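Trainee: I have a new structure to read. Could you take me through it feature by feature?

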Amino acid sequence: MPEPRIGLSMRVDMPARYDEPRDALARSWAAFMADALPLARWMPIPNIGAEAGRYARDWELNGFIFTGGNDLGSAPDRDTTEEALLHFALDHDLPVFGVCRGFQFLLRHFGHAPLPCRPAGAHAGRFHEITLKDPPFDWPEPRLRVNSFHHYCGPAASDLRAPLAAFAMDEAGRCEGFYHTQKRIMAVMWHPERHSPEADFNRTLLRHLFGHAGAQTENRP
């Protein structure tokens, strides 16, 4: 198998007193990648729009993580960049992992619209419990406590349509984790790179998706 070379998308920020957008990635991603995928090389991907697929090819990237930040539609250059990266990944059967906004982006791509959480603020800056149902790898615990930093929620897990399958639900039955049944695509609504009581699950999740990039190999069925 080729050396794992994973590209991470970045949020678009507009710092005060500067009339220019900046691409940004939280520093916590460095520590998380070193812990979860210590054998992987990784790099942030600038928001260059439709050219992002060629950029990924030139850098020989063979996996992607779509990170959090920016509501869908609020940063058009980022939307276009991630669309180009997703098409590149689908064309080359490469693994893709979505986090929070990345979850919402992938959800929308496959035909589901994220909806405002009700009640408003219920999942903004707090921890809550999720229930696991048929996760894509063996896991002994049926419930996890996860962090939560989003204002948009997924659909009811029972409403998720093929080729997506839900494996994590919040207390209202809304999907918080899904995988693609035919492609190497997975996504979660929580932030594994931030303080997470479910750190062991996050580590196993990424090693399952990216395989030998982890300290131990875990193959997708």
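Mentor: We begin with aromatic pairs. Rings of Phe, Tyr and Trp, the last by its six-membered ring, pair if their centres lie within 6.5 Å. Keep in mind that this is a predicted model.

Trainee: How many aromatic pairs does a search of the whole structure find?

Mentor: The search finds eleven aromatic pairs.

Trainee: How do I describe one of them?

Mentor: A pair of aromatic rings is described by two things, the distance of the centres and the angle of the planes. Planes over 60 degrees apart count as edge-to-face. Take F64 and F88. Their ring centres are 6.1 Å apart and their planes stand at 85°, so this pair is edge-to-face. The pair links distant parts of the chain. F64 is in strand 5 and F88 is in helix 3, 24 residues apart. Both F64 and F88 are buried.

Trainee: What kind of pair do F66 and F105 form?

Mentor: F66 and F105 form an edge-to-face pair, with 5.6 Å from centre to centre and 80° between the planes.

Trainee: Why does this pair tie together parts that are apart in sequence?

Mentor: F66 lies in strand 5 and F105 in helix 4 (residues 101-109), so the pair ties together parts 39 residues apart in sequence. F66 counts as buried, at 0% relative accessibility. F105 counts as buried too, at 3%.

Trainee: Which residues do ring pairs link into a cluster?

Mentor: The cluster holds F137, W139, F167, Y179, W190 and F201.

Trainee: Now the core. What is the general idea?

Mentor: In soluble globular proteins, nonpolar side chains tend to be buried together. Here, the largest nonpolar core has 58 residues. Those with the most contacts inside this core are F64, I65, F97, L106, F167 and F178. Strand 11 (residues 164-169) gives the core its largest share, six residues.

Trainee: Which residues is I65 in contact with, leaving aside its neighbours within four places in sequence?

Mentor: Its contacts are I6, G7, L8, S9, W29, M33, F97, L206 and F210.

Trainee: What about strand 1: is it enclosed or open?

Mentor: Four of the five residues of strand 1 (residues 5-9) are buried, so this strand is largely enclosed by the rest of the structure. Now check its partners. Strand 1 and strand 4 (residues 41-45) run parallel, joined by five bridges. Strand 1 and strand 5 (residues 63-66) also run parallel, with three bridges. Follow L8 across. Its bridge partner in strand 4 is P44, and in strand 5 L8 stands opposite I65.

Trainee: On to cysteines. Which of them does a disulfide join?

Mentor: C117 is joined to C153, with the sulfurs 2.1 Å apart. The structure holds one disulfide. The torsion about its S-S bond is about 100°, so the disulfide is right-handed. C117 is in the loop between strand 7 (115-116) and strand 8 (124-132), while C153 is in strand 10 (residues 152-153). The two are 36 residues apart. Both are buried.

Trainee: Last, salt bridges. What is the general idea?

Mentor: Side chains of opposite charge can pair when their charged atoms come close. This structure holds 13 salt bridges. In one of them, R203 meets D200, with the closest N and O atoms 2.7 Å apart. Both lie in helix 5 (residues 199-210), three residues apart, about one turn of the helix. D200 is partly exposed, at 47% relative accessible area.

Trainee: Which residues do salt bridges with shared partners join into one network?

Mentor: The network joins R78, D79, E82 and R101. D79 is in helix 3 (residues 76-91). D79 is buried, with a relative accessible area of 8%.

Trainee: Are D170 and R174 buried or exposed?

Mentor: R174 is buried, at 15%. D170 is buried as well, at 5%. Their side chains meet in a salt bridge, 2.8 Å from N to O. Now compare D58, which is exposed at 52%. D58 forms a salt bridge with R57, 3.2 Å from N to O.

Methods
Residues numbered from 1 in each chain as written. Predicted model: local features only at pLDDT ≥ 70, side-chain atom pairs only at ≥ 80, totals over all residues. Heavy atoms only, no water. Core = buried A, V, L, I, M, F, W, Y, C linked by side-chain atoms within 4.5 Å. Buried < 20%, exposed > 50% of the residue type's maximum accessible area, 1.4 Å probe, protein only. Contact = heavy atoms within 4.5 Å. Disulfide = S-S within 2.5 Å. Salt bridge = Lys/Arg side-chain N within 4 Å of Asp/Glu carboxyl O. Pairing = 2+ DSSP bridges. Phe/Tyr/Trp six-rings, centres within 6.5 Å; stacked < 30°, edge-to-face > 60°.
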